[in-house]
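User: I'd like to go through the labels on this one and see what backs each of them up. Can we take them one at a time?

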Amino acid sequence: MHLEVGAAINLIAGSLYNKLPRRRVNAFAEEVEKGIFNKFQGHWYPGNPSKGAAYRCVNVTGEKIDPLFIYAARNSGTDLQEVLNYLPKDLTIWIDPGEVSFSVGEKGSDKEHVRILYSERRAVGTGTMAAPLADLTDDVAVRPPVPPTFPATMPSAPAGM
């Protein structure tokens, strides 16, 4: 679960760096990470990755903002609206065992693009990551393996995850 959560955090933090002070981005991202680990307790099934997949969908912007972002903003002292101003409109992230994907654009519209951000199936044992949101075009390809870089330390997953 650490690689998957790290990939999602990198996606979010990468969208905010160079737009907000790094210290504020780091504090916000750490709180998002805590929120994800708390939310996923009891909902992570490596032997059956599709089980609970809808629960592990994180809506970052739009009308249905995931409460973990409200929690993260409050606990990090970050203005949620300021964060939302810099994230892509209608960003949804699916964090599943062995794969993280995301979409940008309204669900079902021709503007929706689903991309794989991380997949352990694409490079056995190491996983792969796609381009940061700022670098995305319609022709983006999955890049070579890159380990998650943020945050430097992650809490241990609860037993059974």
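User: Why does W44 count as buried?

Analyst: W44 has 4% relative accessibility, and buried means under 20% relative accessible area (exposed is over 50%, partly exposed in between, with a 1.4 Å probe and protein chains only), so W44 counts as buried. Keep in mind that this is a predicted model, where local features need pLDDT of at least 70, side-chain atom pairs count only at pLDDT 80 or more, and totals for chains, interfaces and linings use all residues. Residues are numbered from 1 along each chain as its sequence is written, and side-chain values use heavy atoms, leaving out hydrogens and water.

User: What makes F40 and W44 a stacked pair?

Analyst: Rings of Phe, Tyr and Trp (its six-membered ring) pair if their centres lie within 6.5 Å; planes under 30 degrees apart are stacked, over 60 edge-to-face, the rest tilted. F40 and W44 sit 6.0 Å centre to centre with 15 degrees between the planes, hence stacked. F40 is buried too, at 0% relative accessible area.

User: And why is the pair of F28 and F69 called tilted?

Analyst: The planes of F28 and F69 are 45 degrees apart, with 6.0 Å between centres, and that angle makes the pair tilted.
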